[in-house]
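Thanks for coming, everyone. Please have the display open.

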Amino acid sequence: MKKNYAFLFILGVFTLLSSAFVANEAGYQVGDTAADFKLKNINGQQMSLRDFKDAKGYIVTFTCNTCPYAKLYEDRLIQLHQKYASKGYPVVAINPNDVTISPGDSFEEMQKRAKQKKFPFAYLYDESQEVAKRFGATRTPHIYILTRTGNDLKVTYIGAIDDNSGDPAKVEKRYTEAALDNLLSGKPVQQATTKAIGCTIKWRGNS
């Protein structure tokens with residue numbers, strides 16, 4: 001009987017450790033503290049979130065040049081930045097795609113796209129894909145709203161920009177805007193997670 005209890009105890013500990021490992025592998029969840037990072041911006045300079053001295057938080061967006069969904073949302077990302085950067089929440093866009101699988105997502109192509117679209121926000125290159133993995137991003141676009149709480153960066157929203165990728169005129173639910181409006185009014189985010197809709201991130205080794 002004692003052996004059975006010992007076995008069950010060991011199994012329980014293993015299950016807890018496995019669950020923790022899986023959760024960590026899945027990336028950030030709402031309420032987690034996000035780590036800062038440093039990535040190359042399209043101007044060639046390294047940039048981190050701490051470089052935005054007056055920011056209350058960030059609209060971290062995993063996106064790219066080539067995904068049709070990402071292209072459909074480019075103008076809406078620009079609008080989000082124009083509306084919320086002055087309120088303390090700038091867009092910080094990150095391209096995590098592997099260039100060997102998607103040549104159109106090279107750093108040089110990022111520079112061309114940003115110039116063509118006149119991006120008013122930072123567009124960073126996650127060449128190692130480590131930041132995307134840490135966040136748990138899976139799609140382009142994939143939104144993570146981070147909010148400064150003291151010295152910490154808390155994840156306060158994860159998911160989609162809105163409920164209609166194809167036609168901005170037919171959008172009924174603006175998830176990212178609603179979350180930001182909640183935060184700026186001092187309220188908890190009412191819908192903190194939604195399903196990100198877009199192309200899968202092109203991971204190295206998955207060609």
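**A walk through the model**

Gln82 is exposed, because its relative accessibility is 55% and exposed means over 50% relative accessible area, buried means under 20%, and partly exposed lies in between (1.4 Å probe, protein chains only). Gln82 sits in helix H2.

Some ground rules. This is a predicted model, where local features need pLDDT of at least 70, side-chain atom pairs count only at pLDDT 80 or more, and totals for chains, interfaces and linings use all residues. Numbering starts from 1 along each chain as its sequence is written, and side-chain values use heavy atoms, with hydrogens and water left out.

Now the overview. The chain has 5 helices and 10 strands. Helices (H or I, at least four residues) and strands (E, at least two) are DSSP runs, numbered from the N terminus. Of the 207 residues, 44% are buried. Contact here means heavy atoms within 4.5 Å. Take the contacts in the chain with a separation of 6 or more: 75% of them are between residues 24 or more positions apart.

Gln46 belongs to strand S3, residues 46-48. It is partly exposed, because its relative accessibility is 47%. Setting aside neighbours within four places in sequence, Gln46 contacts Lys38, Leu39, Lys40 and Asp51. Leu124 is 78 residues away along the chain, yet the C-alpha atoms of Gln46 and Leu124 are separated by 8.6 Å.

On to the backbone. Most residues other than glycine have a negative phi, and most peptide bonds are trans. Which residues go against that here? Lys118 is one, with a positive phi near 55 degrees. It lies in the loop between helix H3 (107-117) and strand S6 (122-125). Lys118 is exposed, because its relative accessible area is 69%.

Gln129 also has a positive phi, about 70 degrees, and is not a glycine. Look for Gln129 in the loop between S6 and helix H4 (130-135). Is Gln129 buried or exposed? Buried, because its relative accessibility is 1%.

Then the peptide bond. From Thr140 to Pro141 it is cis, with omega near 5 degrees. Pro141 falls in the loop between strand S7 (139-140) and strand S8 (142-149).

That brings us to the strands. Two strands pair if DSSP finds at least two bridges between them. How many bridges join S8 to S9? There are 7, and the strands run antiparallel.

S9 has another partner. Strand S1 (residues 33-34) pairs with S9 over 2 bridges, in the antiparallel sense. Thr33 has Lys154 as its bridge partner in S9. S9 itself spans residues 152-159 and is mostly covered, with 6 of its 8 residues buried.

Back to the helices. H2 (residues 68-84) packs against helix H5 (residues 175-184) at an angle of about 10 degrees, with the axes 12 Å apart. Axes are lines fitted to C-alpha atoms, for helices over the stretch in contact, and angles run from 0 to 180 degrees between N-to-C directions. H2 is therefore roughly parallel to H5, since angles under 35 degrees count as roughly parallel, over 145 as roughly antiparallel, 65 to 115 as roughly perpendicular and the rest as oblique.

Which residues meet there? From H2, they are Leu80, Lys83 and Tyr84; from H5, they are Thr176, Glu177, Leu180, Asp181 and Leu184.

Last topic: the cores. A nonpolar core is a set of buried Ala, Val, Leu, Ile, Met, Phe, Trp, Tyr and Cys residues joined through side-chain atoms within 4.5 Å. The largest has 26 residues, and those touching the most other members are Ile59, Leu77, Leu80, Tyr89, Phe121, Ile143 and Ile145. H2, strand S5 (91-95), H3, S6, S8 and H5 each supply at least two residues of this core. H2 gives the most, with 5 residues. A second, separate core has 24 residues, including Tyr58, Phe62, Val92 and Tyr144.

One more stop, at Ile145. Not counting residues up to four places away in sequence, Ile145 touches several residues, among them Tyr58, Tyr89, Val155 and Leu180.
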